[in-house]
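Please keep the sequence and the model open while reading.

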Amino acid sequence: MANGTATPTDLDTRLEAHRTELTGYCYRMLGSSFEAEDAVQDTMVRAWRSYDKFEGRSSLRSWLYRIATNVCLDMLTAGNKRARPMDLTESTPLAQAALSPRPDNTWLEPMPDARVLPSSHDPAEAAVAKESVRLAFMAALQRLPAKQRAVLILREVLAWKASEVAELLDTSVASVNSALQRARATLAERQEPGAEAAVSDPLDEDQQKLLDRYVAAFEGYDMTALTALLHEDAVMTMPPFDLWLTGTRDITGFMTTLGAPCAGSRLVPVQVNGLPGFAQYKPDPDKGGFVPWAVQVLEISEGRITGFHCFLDTQRWFPLFDLPLHLEAETDQVEQGA
């Protein structure tokens, strides 16, 4: 089809074919679910408006990535770096625990796999894509200057050639290689908490059994059973609160004190950030049934849960995951929407 003869429907179809991978790219760049979707929408609008100037000297995909990169770099000029609680403060002993919220734009945000991981017939490619949206890797990306971030994602996650990245960024191959080297050095300086998370795709039998035991322990609010599943140095976070806890004693102690209203909760499986997760619904004392409370993201290593991250802004997260905002009392499980 010639460039100038694309009908609106044809062009919409061609642009939409790239939405998921572009959302994944913008999410890695920005660390925010909603900012990523805004960036992709802006990219699509810019592409639509300037399509008549696109001369086909590169592929449509490369051209869209160029636009998306520029959109993200513009959004990152404010210098805001998304973070996890452990990136900002020291771990708090349970005796000193206080729930102090920070603004939404502080936090690295969760993202449903389906919105950022395009289907792939290459298992190795799919594994890299999943690993590159895990919370620990996303947090590591936030430590990089914006252009180094773009170079690392394009070269090491998306497997672009240095010459292709240089063309996209209007720079030299030497500059791209130098930026990649500096980015690698920065990431090597510090091992991010959660970086050791090892989750098979699909889950192997032992990992699935671990999750089944976790669901039984959490829904039964059995702290003895839960302790047996947690690594002794497990970490629990609860954005938008900056509090984070380390170790089974403090985690289970919190759950039986400040977190006691979560007893009797129901968990619905979700696929989030390349890791297993659950939508947690806690009992609704007023209307009966269950109301949204958190999207949980679990990190697993060597047969234990090492990270237990609860994102509490349910009015934002549950619609993002196509989850209902109420469960009936007799409903133990629901199917996640498409």
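## Cysteines

A disulfide is a pair of cysteine sulfur atoms within 2.5 Å. The model discussed here is predicted. By that rule, it has zero disulfides.

Which cysteine sulfur is closest to that of C262? The closest one belongs to C310, at 7.9 Å. That is too far for a bond. Seen from C310, the closest cysteine sulfur is the one in C262, again at 7.9 Å. C262 is buried, with a relative accessible area of 9%. C310 is buried too, at 4%.

## Salt bridges overall

How many salt bridges does a search of the whole structure find? The search returns 15.

## E21 and R61

E21 pairs with R61 in a salt bridge. Their closest N and O atoms are 2.9 Å apart. E21 sits in helix α2 (residues 19–30) and R61 in helix α4 (residues 60–75), so this pair ties together parts that are 40 residues apart in sequence.

Is E21 buried or exposed? E21 is buried, with 18% relative accessible area. The cut-off for buried is under 20%. R61 is partly exposed, at 30%.

## E35 and R82

E35 forms a salt bridge with R82. The closest N and O atoms are 3.0 Å apart. E35 belongs to helix α3 (residues 33–50), whereas R82 lies in a loop between α4 and α5, so the pair ties together parts that are 47 residues apart in sequence.

Accessibility is given for both partners. E35 is partly exposed, with a relative accessible area of 27%. R82 is buried, at 5%.

## E205 and K209

The side chains of E205 and K209 also form a salt bridge. The N to O distance is 3.3 Å. Where do the two residues lie? Both are in helix α12 (residues 205–219). They are four residues apart, about one turn of the helix.

E205 is exposed, with a relative accessible area of 56%. K209 counts as partly exposed, at 44%.

Which residues do salt bridges with shared partners join into one network? The members are E35, R82, D104, E109, D313 and R316. Within it, E35 and R82 are bridged to each other, with E35 partly exposed and R82 buried.

Notes: Residues numbered from 1 in each chain as written. Predicted model: local features only at pLDDT ≥ 70, side-chain atom pairs only at ≥ 80, totals over all residues. Heavy atoms only, no water. Salt bridge = Lys/Arg side-chain N within 4 Å of Asp/Glu carboxyl O. Buried < 20%, exposed > 50% of the residue type's maximum accessible area, 1.4 Å probe, protein only.
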